[in-house]
There are 2 protein chains.
Amino acid sequence: MEKNGNSLIFKNQTIFYNDRPILSYASDKTFAFIGRGTEQVKMYRGNFDIQDYVESRVPLNHFEIAETNEAITFNLSSNGQTQLLQIRTELDKFGRLVLKLISKDKTYNRLWLRLPATAQEKIYGCGEQLSYFNLRGNHFPLWTSEPGIGRNKSTLTTFKADTQDNAGGDYYTTNFPEPTFISTQKYYCHTNSFVYVDFDFRNPEFHELQYWGIPESIVFETADTYNQLLGKLTNLLGHQPILPNWTDEGLLLGIQGGTQRTYDTVDKLRAAGVKIAGVFCQDWEGTRQTSFGKRNFWNWEWNPALYPGLDTKIHEWKDEGIRFLSYINPYLVDTSALYAAAAKNGYFAKNSDGSIYLVDFGEFNCGVVDFTNPAAFDWFKELIKTNLIDFGCDGWMADFGEYLPTDVVLFDGSDPMIRHNEWPALWAKCNHDAVAEAGKTGQIVYFMRAGATGSQRYCPMLWAGDQSVNWSLDDGIASTIPAALSVGMTGMGLTHSDIGGYTSMHGNVRSKELFMRWAEMSAFTSLMRSHEGNRPAENFQVWDDDDAIQYLAKFTDVFQRLAPYRRTLVAENNEYGLPVQRPLFLEYENDSVAYDIQYEYLFGSDMLVVPVYQETQTDWDVYLPDDEWIHLWSGQEFHGGHHTVAAPLGEIPVFYRKKSEFRTLFTEITNQKYSNY
Amino acid sequence: MEKNGNSLIFKNQTIFYNDRPILSYASDKTFAFIGRGTEQVKMYRGNFDIQDYVESRVPLNHFEIAETNEAITFNLSSNGQTQLLQIRTELDKFGRLVLKLISKDKTYNRLWLRLPATAQEKIYGCGEQLSYFNLRGNHFPLWTSEPGIGRNKSTLTTFKADTQDNAGGDYYTTNFPEPTFISTQKYYCHTNSFVYVDFDFRNPEFHELQYWGIPESIVFETADTYNQLLGKLTNLLGHQPILPNWTDEGLLLGIQGGTQRTYDTVDKLRAAGVKIAGVFCQDWEGTRQTSFGKRNFWNWEWNPALYPGLDTKIHEWKDEGIRFLSYINPYLVDTSALYAAAAKNGYFAKNSDGSIYLVDFGEFNCGVVDFTNPAAFDWFKELIKTNLIDFGCDGWMADFGEYLPTDVVLFDGSDPMIRHNEWPALWAKCNHDAVAEAGKTGQIVYFMRAGATGSQRYCPMLWAGDQSVNWSLDDGIASTIPAALSVGMTGMGLTHSDIGGYTSMHGNVRSKELFMRWAEMSAFTSLMRSHEGNRPAENFQVWDDDDAIQYLAKFTDVFQRLAPYRRTLVAENNEYGLPVQRPLFLEYENDSVAYDIQYEYLFGSDMLVVPVYQETQTDWDVYLPDDEWIHLWSGQEFHGGHHTVAAPLGEIPVFYRKKSEFRTLFTEITNQKYSNY
């Protein structure tokens, strides 16, 4: 059948969608297995230990197939008698292929679905993946959680984090998992479900999608180019709004410690030429000290003791071009006034005995605002409107969202095993609705680390979570690059990261050099924002070092100068779903090397960025697709291929396309004279 | 039906064997699942990474049952049509329950079998288990391998061993796995198969036995007491011979470095009162140095350069009461003369291209003598007879046996995935036959770390493998206790360990105190033998320390004095399958506490030993079953219960039964005066 130029054909025991085999079986192999499993889920401070005992995994290799003008329907069984699963394949009005799955025996809670694959095929997406961009060769449990410290079982950092706090993570742990990917067969595959999944891309002949539950539907679209494919994907998932212009004005300075310190520091940095668009004061609502480090108090209202006069200062600063960004998350500490109010109204998720479920966030306990309760959702939304928006905040970190325990009782009776992965989207929507109802969409920027299907629609900006303050591939500066590329392949084109990283644990301490390399990279992303980290006093802070201030002055200036170019990228993301940070193959489809590069990116179509992610480097190996490239700092021309280029501090390898219409702008940067660097 | 006083009854959808439910099903649950899996086995220097991709796991929940006078036969299918598995249950002539399994579809290579369990039930055995004695609460992959360094993923030693050499091991890694266990339902269960298995004892309602292949048969017996049960088990598996009397004469001194050094050291120690029965010179055939430490040369013949005159000395020493024990293993280094001879005759396991398969043993490569080739087996057996027995050795370490790769081509075409676990038994048989054909059974002692079904028959003495030279529970002195107890529950009653431990890696160095605690424990085992360890120069050696020599003098004297008592234990092991080191519950069945004690043991029925396995201890907590006990060192009487007793160096907590017929002997030890300790 055909719809909107798309074709669905069943022949040779295979469903072809626009000539791509999607489901295929033979006498000795099937595409569906159903079974029963018993999971064991343990959460410790947002880190999960998830085990499954699979009692059965039954091949569904008896097919009854019904073909109509509307759909091709598979009635599947293991014995030719008792129907266990129905998969209805059809084209929707846009021509998308939709697989509708209907369980015929509700006692089965596991499904494995195989999609045909080729050995050469590559897969990207699945939300924010920090260790691998091309997902082929590994399997990816998709479950929102703490990202983990170290994220590599062979590193001492991860070992220490695991043995001390179960907090080490692994290559797949992420705040933002999503069952959405694109294939180099030029299709996307998106699953409409929030169940726990584990997508296995290891087999050369098939992708195996494991679901802990029967998903409602699975959607596919194809396109001739990856750019078109992302356009179609974001048509499905939603488009992010454009960023407010003020974000282009410079750095969002992460700083804590109160009104005076904030103002004095801004003053000092501005005087030294640092371009600052705003301050991000996560401790606006008070602080606490834990063994992990400096934490916020988690009662979402201005703390006048720490920030005296902020209610008037916030507006004065705005007049001076300094926006104020605060912090919030969807939990309330049990010793707070807001907690008491929410408790009184029954707004928290419960234990089975009806008491409030308290979650350990690391030496303090919090209630989980139950977003399945419309009254709780509205109350929290109003809290955002009153305490943040009306107060004058132009943005905030909308932190967390990954900690929904799987044994809570929710207001609407829904299954927390399913709600868990959805929670970040509910949390995003709460922020989104508050901003929208305040009429501030496109003016306010809240940024989230947690994500889910729906984030595309409800979250205007991601950040890559809590990197370690080091050079590790899996958890340091490098990891932010595949993170940006993979969310881009999941329909989220706006992301950034904490300049200098965040997590200082187990001997990792931020160096000046790390801060510098992170700052120079961030100038070529959607947003520039710094963070003091979890242990501010022990780690490098830019304001303590005049040389680094000069460095920051240069790169905030570069960031600001790139505004006209960045505006076009942000608009392309909004309109076409083209991410601001793009993998090389997106623009160079015929370049086979480009598909395996995960530590370079295109900043829009005209600029190629190759961040230096190792210390003490003075030159750096880069790969350039076949084009005419101008090295941003020297003006030297390069052509496609592998090159080693000079990359001292201050000269992150960046190239622009010679034919770019922004060449004049880029040349201005080349010609700019900065002190020291 | 009944046979030999045993009953087999099928009622209520359950097979009862002597009133114990063995197989049971209901409309919604089965006892058998069949499936297909694809394993991935990677070996690195005897450490294995084994993964399985389970494509299907199908409940066999359609039963056709045929009952005759001879057997109750289950014909199992998943759909009531195609028979996939037949399980025939019958009593053999001894009254044993035998489950005979016949696969009806050879494309299935995985089987999961469930045995009914109760929540309180405990399980012991499965070969030599070093981390857990009671196996309930964990699953145990059974695959012979290096034991691992550290054997606990949460320790820094294991982390370092894993990340540097994949050598860290885990709680279940062992040289001697065996699919044989006893249940506190007072049955044993033994599987006649060498396939990879993973026995899962975590579920409160069933034990799940996973087989990578369909085993030929599974055998059960029951008894009224555990003593009787072990008698029945060893009737099935074989009885170990008694130890030669000379082993009671004192220490087998592990020493290296040549004729002169050996003699001088024996001289020094004997002069100081150390009782020595023999020397164990593993470098009798030459040495090599690797990054791991001092290794042997692996060419199994006397090296006259290092041991000049040994051919005559060996007899002179014997006349002086010093037996000579050497070393051998079933591999040959590719640079040796014996290798060349074996290669010429085609005695090695092959690659698929017909070339000799070389195994990396740590900076040197060896061929694997192919014991499935009768000519190779005989050649190696003759080599043992000529080079070891005829040469005058009274024993040797018959090391290794765990390294059969799974991708070799064997002479008889058999599957190395199955032969792998059998290899230690073939290696034991090669030694056994050599000794038997030389007419030396019961006179020669070879000791092995690797084991399998068959070791009971072919191996007269185990040792607990290569402990780390430390106090860790999973890989130090403590681990030798559950090791001894679990092999005892597998039908092997004679074992010992390297006094002082062996593996000095990743910062672990043997201390004097560790040597002392290990020595005092070893006095109350079957055999006393020391080892220099893998890095002799860096670790404590007793001959360097006069104080420790005095200590050793005391405990070799105690060991020697215990000879009459030990003789009875060795005889009980030979005759009744009662291990020399016994768990407390074996003699105190009604003591519920006894079943969970894994760091104490009964040395025979009359002596209770509670080794001190932590450093700097001066007293120690002990549990005594309800009896009248005399503390060996003080003569003080104790009764059942928990006690804290003095346990300074030299006074390992040991108690004997007041009513023991060996009380006079024990009292002599109490009254003995030793210097220093």
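1. With a relative accessibility of 35%, B:Asp378 is partly exposed, whereas B:Lys381, at 8%, is buried (buried is under 20% relative accessible area, exposed over 50%, and partly exposed in between, with a 1.4 Å probe and protein chains only). The two form a salt bridge, their closest N and O atoms lying 3.3 Å apart (a side-chain nitrogen of Lys or Arg within 4 Å of a carboxyl oxygen of Asp or Glu). Both residues sit in helix H6 (residues 374-389) of chain B, three residues apart, about one turn of the helix (helices, H or I of at least four residues, and strands, E of at least two, are DSSP runs numbered from the N terminus). An α-helix has 3.6 residues a turn, so residues three or four places apart point the same way.

2. A word on the basis of all this: the model is predicted, local features need pLDDT of at least 70, side-chain atom pairs count only at pLDDT 80 or more, and totals for chains, interfaces and linings use all residues. Residues are numbered from 1 along each chain as its sequence is written, chains are lettered from A and ligands numbered from 1 in the order in which they are written, and side-chain values use heavy atoms, with hydrogens and water left out.

3. Over all chains, the salt bridges come to 87. In chain A, one of them pairs A:Asp200 with A:Arg202 at 2.9 Å, N to O; A:Asp200 is buried at 13%, while A:Arg202 is partly exposed at 48%. Another joins A:Arg657 to A:Asp627 at 3.7 Å. Because A:Arg657 lies in strand S40 (residues 654-657) and A:Asp627 in the loop between strand S36 (619-624) and strand S37 (629-631), this pair ties together parts of chain A that are 30 residues apart in sequence. A:Asp627 is itself buried, at 15% relative accessibility.

4. Back to H6(B), and its packing on helix H7 (residues 416-437) of chain B: the axes come within 9 Å and cross at roughly 55 degrees (axes are lines fitted to C-alpha atoms, for helices over the stretch in contact, and angles run from 0 to 180 degrees between N-to-C directions). That makes H6(B) oblique to H7(B) (under 35 degrees is roughly parallel, over 145 roughly antiparallel, 65 to 115 roughly perpendicular, and the rest oblique). The crossing is right-handed (the near helix is turned clockwise from the far one by less than a right angle). Among the residues that meet here are B:Phe377, B:Lys381 and B:Ile384 of H6(B), and B:Trp427 and B:Asp433 of H7(B) (contact means heavy atoms within 4.5 Å).

5. H6(B) also packs against helix H5 (residues 337-345) of chain B, at about 150 degrees and with the axes 12 Å apart. H5(B) is therefore roughly antiparallel to H6(B). B:Leu338, B:Ala341 and B:Ala342 in H5(B) meet B:Trp379, B:Leu383 and B:Asn387 in H6(B).

6. Which helix of chain B is largely enclosed by the rest of the structure? It is H10 (residues 512-522), where ten of the eleven residues are buried. Those buried include B:Phe515, B:Arg517 and B:Trp518. The cover over them includes helix H9 (480-488), strand S31 (498-499), helix H11 (546-561) and strand S34 (601-603) of chain B.

7. Finally, do look at A:His420, in helix H7 (residues 416-437) of chain A. A:His420 is buried, at 0% relative accessibility. Beyond its neighbours within four places in sequence, A:His420 is in contact with A:Phe48, A:Trp143, A:Thr144, A:Glu402 and A:Leu404.
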